[in-house]
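Take a look at the chain below. What can be read from its fold, its sheet and its charged side chains?

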Amino acid sequence: MRKRSETARRTGGRAQDALRGDLYAPQCPSRGVLEHVTSRWGVLALVALLEGGTHRFSALRRKVAGVSEKMLSQTLQALEADGFVQREVFPEVPPRVEYTLTPLGHEVAGRVKGLAEWIEANLGRILTAREQRPVRAPRREAS
């Protein structure tokens, strides 16, 4: 991680707000955040919450078809820990839990949605490129 910026020092900004990550540094926590945001389920959960607002767990699971309950739960916990998702539990029987994006979550979800839309719009080109790629022989293990 990089140190506080000069602007933050002059303006008295909080240390957490002034830290800048370095994704190329192996020990930087930004790598974990990148993993949470760009995982398959992370992208889909963020975009679903951006497009549909607040969701109950079961509705979000239906929207993100193919995700297991355990994987969605782990993904939401990671996104919540990173400050992107807010989890609200209502004291009902059975308990009702709703998930919504935080302001920080709206920012990152908007950026991830742009990537997802680009992939959808260019899928034909991507599949064509895959088909045109020569098949490589499997690598042999060194003995």
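The paragraphs below go from the overall fold to the sheet, then to the salt bridges and the surface.

Start with the whole. This is a predicted model. The protein has 143 residues, and 26% of them are buried. Its secondary structure comes to eight helices and three strands. Along the sequence the pattern reads α-α-α-α-β-α-α-β-β-α-α. Among contacts with a separation of 6 or more, 39% join residues 24 or more positions apart. The accessible surface is about 10,800 Å². Carbon and sulfur atoms supply 52% of that surface.

Now find the strands. They form an open sheet in the order β1-β3-β2, and the pairing is antiparallel. The edges are β1 (55-56) and β2 (85-90), each of which pairs on one side only. Helix α4, residues 40-52, lies across β1, β2 and β3. The helix runs at about 90 degrees to β3.

Look next at β2 and β3. Strand β3 covers residues 96-101, and six bridges join β3 to β2 in the antiparallel sense. Gln 86 has Thr 100 in β3 as its bridge partner. Glu 88 has Glu 98 in β3 as its bridge partner. Together β2 and β3 make a hairpin, with five residues between them.

Follow the chain through that hairpin. The loop between β2 and β3 contains Pro 94. Which form does the peptide bond from Val 93 to Pro 94 take? That bond is cis, with omega near -10 degrees.

Turn to the charges. Side chains of opposite charge can pair when their charged atoms come close. The structure holds five salt bridges. Arg 96 takes part in two that can be described here. One is with Glu 92, at 3.0 Å from N to O. Another is with Glu 98, at 2.7 Å from N to O.

How do these side chains sit, buried or exposed? Arg 96 and Glu 98 are both buried. Arg 96 counts as buried because its relative accessible area is 19%, and the cut-off for buried is under 20%. Glu 92, at 37% relative accessibility, is partly exposed.

Move on to helix α7, which spans residues 103-121. Here Lys 113 forms a salt bridge with Glu 117. Their closest N and O atoms are 3.7 Å apart. Why does about one helical turn separate Lys 113 and Glu 117? The two are four residues apart in helix α7, so the separation is about one helical turn. Lys 113 is partly exposed, at 23% relative accessibility. Glu 117 is also partly exposed, with a relative accessible area of 41%.

Finish on the surface. Which residues form a nonpolar patch there? They are Leu 115, Trp 118 and Ile 119. Together they have about 300 Å² of accessible area. Ile 119 lies in helix α7, the helix that also holds Lys 113 and Glu 117. Ile 119 counts as partly exposed because its relative accessibility is 38%.

Conventions
Residues are numbered from 1 along each chain as its sequence is written. This is a predicted model: local features need pLDDT of at least 70, side-chain atom pairs count only at pLDDT 80 or more; totals for chains, interfaces and linings use all residues. Side-chain values use heavy atoms; hydrogens and water are left out. Patches are made of residues with over 30% relative accessible area and no salt bridge: like charges are joined within 9 Å, nonpolar side chains (Val, Leu, Ile, Met, Phe, Trp, Tyr) within 5 Å. Accessible areas come from the Shrake-Rupley method with a 1.4 Å probe; for residues, only the protein chains shown count as cover. A salt bridge is a side-chain nitrogen of Lys or Arg within 4 Å of a carboxyl oxygen of Asp or Glu. Buried means under 20% relative accessible area, exposed over 50%, partly exposed in between (1.4 Å probe, protein chains only). Contact means heavy atoms within 4.5 Å. Two strands pair if DSSP finds at least two bridges between them. Axes are lines fitted to C-alpha atoms, for helices over the stretch in contact, and angles run from 0 to 180 degrees between N-to-C directions.
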